[in-house]
Amino acid sequence: MLDYTLKRIGLCIVTLFVIITITFFAMNAIPGGPFDSEKAPSEQVKQVLLERYHLDKPLGEQYILYLKNLLHGDFGVSLKTGRNISDTISQTFGISLSIGFRAIFLSLIFGVFFGSIAAFNKDLFLDRFIMLFTTLFVSIPSFIAASLLLYIFCLKLKLIPVWSVENKNYILPVISLMIYPLANINRLTRTSMIDALSQDYIRTAKAKGVSTKNIIFKHALRNALIPVLTYIGPMSAFVITGSFVIETIFTIGGLGMEFVTSITTRDYSMIMGTSIFLASLVVIISLISDLCYKIVDPRIKFD
């Protein structure tokens, strides 16, 4: 397992290097620059700014300078605000993480629970009822769900106040983010659970009079969770990056808002900093989810 872990860590480093390289050159390939706007500074001021942030140098030299600074943990400063990017990420990511963690946790709990219930009631009314809503939730993008929830519960019914700094109500953002992954986890759990329930050891447990609750959640669920663990990595990436749109809709000042704003304003340093940070997070989560297979099923061997 140690060899496998070291190989995966090496692959993670290569993946991040590729992401950094592609993001850097793709960002600079777009026409325009961070100081080109309707209220652009004069040519003299613009030249001073370009020299200050080393944007007047050849692209290859800029890339090498950025990598050197990055190896020292320096993400640079925002080209628009002058704030340290590391400070901005540390101050805003807490909000995104708070929403994302709640959405991931609730998706896992409800997805596994309803998937198990649907599997045990295969082809019965309860199964079809659950799968009806599962199909509906899969079909609705998170930004559409967010807009509908905001319109219905905040503007029309006025049951839930709109998010603000004073009223940090995360109910609707969390629901908007959890709908799609919940539906996928429900489907994965149902399929895996149906396969597990057809195994001989389940028939033996039923013959011994083991309760339905113990059969589902003690015997069958352990094996049925492996596909769900496989999905946790991509799901976490979806929830974290999907919060960008959700944060914009609900005007939540998280890292997603900073990322969207940096793209619209062509803030190169902020784009690179947030992209690298989120890519690193996704890679680490994927690595952890892979290593968790061994905990769920000790029979799995890593080569």
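The model is predicted, so local features need pLDDT of at least 70 and side-chain atom pairs count only at pLDDT 80 or more, while totals for chains, interfaces and linings use all residues. Residues are numbered from 1 along each chain as its sequence is written, and side-chain values use heavy atoms, with hydrogens and water left out.

Ser262 sits in helix H10, residues 255-264. Helices here are DSSP runs of H or I with at least four residues, strands are runs of E with at least two, and both are numbered from the N terminus. Setting aside residues up to four places away in sequence, Ser262 touches Asp267, Met270 and Ile271, where contact means heavy atoms within 4.5 Å.

The chain as a whole comes next. The protein chain has twelve helices and zero strands. Its C-alpha trace spans about 85 × 55 × 30 Å along the principal axes. Of the 303 residues in the protein chain, 42% are buried. Among contacts with a separation of 6 or more, 74% join residues 24 or more positions apart.

The axes of H4 (residues 85-120) and H11 (residues 268-291) come within 10 Å and cross at roughly 55°. Axes are lines fitted to C-alpha atoms, for helices over the stretch in contact, and angles between N-to-C directions run from 0 to 180 degrees. H4 and H11 are therefore oblique to each other, given that angles under 35 degrees count as roughly parallel, over 145 as roughly antiparallel, 65 to 115 as roughly perpendicular and the rest as oblique. The crossing of H4 and H11 is right-handed, meaning that the near helix is turned clockwise from the far one by less than a right angle.

On the H4 side, Ile85, Thr88, Ile89 and Phe93 meet Ser269, Met270, Gly273, Thr274, Phe277 and Leu281 of H11. Six residues of this contact are nonpolar, four are polar and none is charged; Ala, Val, Leu, Ile, Met, Phe, Trp, Tyr, Cys and Pro count as nonpolar, Asp, Glu, Lys and Arg as charged, and the others, Gly among them, as polar.

Ile85, in H4, has a relative accessible area of 0% and is therefore buried. Beyond its neighbours within four places in sequence, Ile85 is in contact with Phe75, Gly76, Val77, Ser78, Ser269, Met270 and Gly273. Ile85 and Gly273 are 188 residues apart along the chain, and their C-alpha atoms are separated by 6.7 Å.

Helix H6 covers residues 142-156, and its 15 residues should span 21 Å at 1.5 Å a residue; the end C-alpha atoms are 20 Å apart, which agrees. The expected span is 1.5 Å times one less than the number of residues. Ser142, Ala145, Ala146, Leu149, Leu150 and Cys154 are the buried residues of H6.

With a relative accessible area of 65%, Lys158 is exposed. Asp123 is not a glycine, yet has a positive phi of about 65°. Asp123 lies in the loop between H4 and helix H5 (125-139), and its relative accessible area of 47% makes Asp123 partly exposed.

Notes. Buried means under 20% relative accessible area, exposed over 50%, partly exposed in between (1.4 Å probe, protein chains only).
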